[in-house]
Amino acid sequence: QQLTTQDVIGSYDGTFPNGNAYTTGQEGDANTAMTFDGANQYVSTGLVPTASGTISAWFKTADVAATMMMCGSYDAPTSVRSYLARAGSNKLSGGIGAHNTTVIFGTTTPLGTDWNHGAITWDGATVNLYFDGVNEYSAAQSGSALTLLGMFIGAANNAGSPANYWNGSLQHVMMFNEAKN
């Protein structure tokens, strides 16, 4: 039986094509956070990003070696994207429109033993990246957000295939069709 996750606000429930597990979340409650192995686990959702939006999540990972996606999608051939990630530089990062993790990244290094909160917002004019509630990046948006692909959680949807798998835990992953602050 395939595992599912529930969208408590809308109708975009997700499925775990390759299984996954739950662990203790950032509030200390058992089985409230999703764990991902960094190899092939992710959640497929039908939620498609809009021209303005927000992606946010509580995250925890000790893996500092590679760029890993918390949630989002991108289309490598056209270089258009909408995602929240942790870059290979071990900084919170993201990708909106033409800019990727080499442009949109924070300044704080998350500790692998702690839960942290990350969010990326975009409104068609400006992109903001927040680490634990502090705005660490704000700049003009370059190009439109990707609005054609459903987002994955624990990986990025790269034109229909999962990529840049998350290795660690995620909780309260949220996606909105407006820029929250």
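These legends walk through several close-up views of a predicted protein model.

Because the model is predicted, local features need pLDDT of at least 70 and side-chain atom pairs count only at pLDDT 80 or more, while totals for chains, interfaces and linings use all residues. Residues are numbered from 1 along each chain as its sequence is written, and side-chain values use heavy atoms, with hydrogens and water left out.

View 1. Of its 181 residues, 46% count as buried, where buried means under 20% relative accessible area, exposed means over 50%, and partly exposed is in between (1.4 Å probe, protein chains only). The chain exposes about 8,000 Å², and carbon and sulfur atoms supply 50% of that; the areas come from the Shrake-Rupley method with a 1.4 Å probe, and for residues only the protein chains shown count as cover. Take the contacts (heavy atoms within 4.5 Å) with a separation of 6 or more: residues 24 or more positions apart account for 58% of them.

**View 2. Strand β16 pairs with both β4 and β6.** Two strands pair if DSSP finds at least two bridges between them. β16 (residues 167–176) runs antiparallel to β4 (residues 33–37), with four bridges. Look for Phe36, whose bridge partner in β16 is Gly168. Six bridges join β16 to β6 (residues 53–60), again in the antiparallel sense. Here Ser56 sits opposite Met174 of β16.

**View 3. Strand β10 is largely enclosed by the rest of the structure, because seven of its seven residues are buried.** Asn116, Gly118, Ile120 and Trp122 point one way from β10, while His117, Ala119 and Thr121 point the other way, and all are buried. β10 is joined to β6 by seven bridges in an antiparallel arrangement. In that pairing, Gly53 has Trp122 of β10 as its bridge partner. β10 also pairs with β11, antiparallel, over five bridges. The two make a hairpin with three residues between them, and Gly124 in the turn has a positive phi of about 95°.

**View 4. Thr121 belongs to strand β10 (residues 116–122).** How does Thr121 count, buried or exposed? Thr121 counts as buried, because its relative accessibility is 4%. Setting aside neighbours within four places in sequence, Thr121 is in contact with Gly53, Thr54, Thr126, Val127, Asn128, Tyr130, Ala179 and Lys180. One of these, Asn128, is the bridge partner of Thr121 in β11.

**View 5. One cavity of 30 Å³ or more turns up in the model.** Rolling a probe the size of a water molecule over the atoms shows where empty space is left. Here, on a 1 Å grid over the protein atoms alone, a cavity is a set of points where a 1.4 Å probe fits but cannot get out, and lining residues have an atom within 4 Å of a point. Grid points are joined across faces, edges and corners, and the volume is the space filled by probe spheres set on the points. The largest cavity holds about 40 Å³ of space. Which residues line the largest cavity? The lining is made of Phe59, Lys60, Thr61, Arg86, Asn90, Pro110, Leu111, Gly112, Asp114 and Asn116. That lining divides into three nonpolar, four polar and three charged residues; Ala, Val, Leu, Ile, Met, Phe, Trp, Tyr, Cys and Pro count as nonpolar, Asp, Glu, Lys and Arg as charged, and the others, Gly among them, as polar.

View 6. Most residues other than glycine have a negative phi. Ser79 counts as partly exposed, because its relative accessibility is 37%.

**View 7. Ala87 sits in the loop between β8 and β9 (92–97).** Ala87 is buried, with a relative accessible area of 4%. Not counting residues up to four places away in sequence, Ala87 touches Ala66, Thr67, Ser93 and Thr101.

Definitions and conventions: 1 Å grid on protein atoms, 1.4 Å probe; cavity = no way out; pocket = protein on both sides within 12 Å on 5 of 7 lines; lining within 4 Å.
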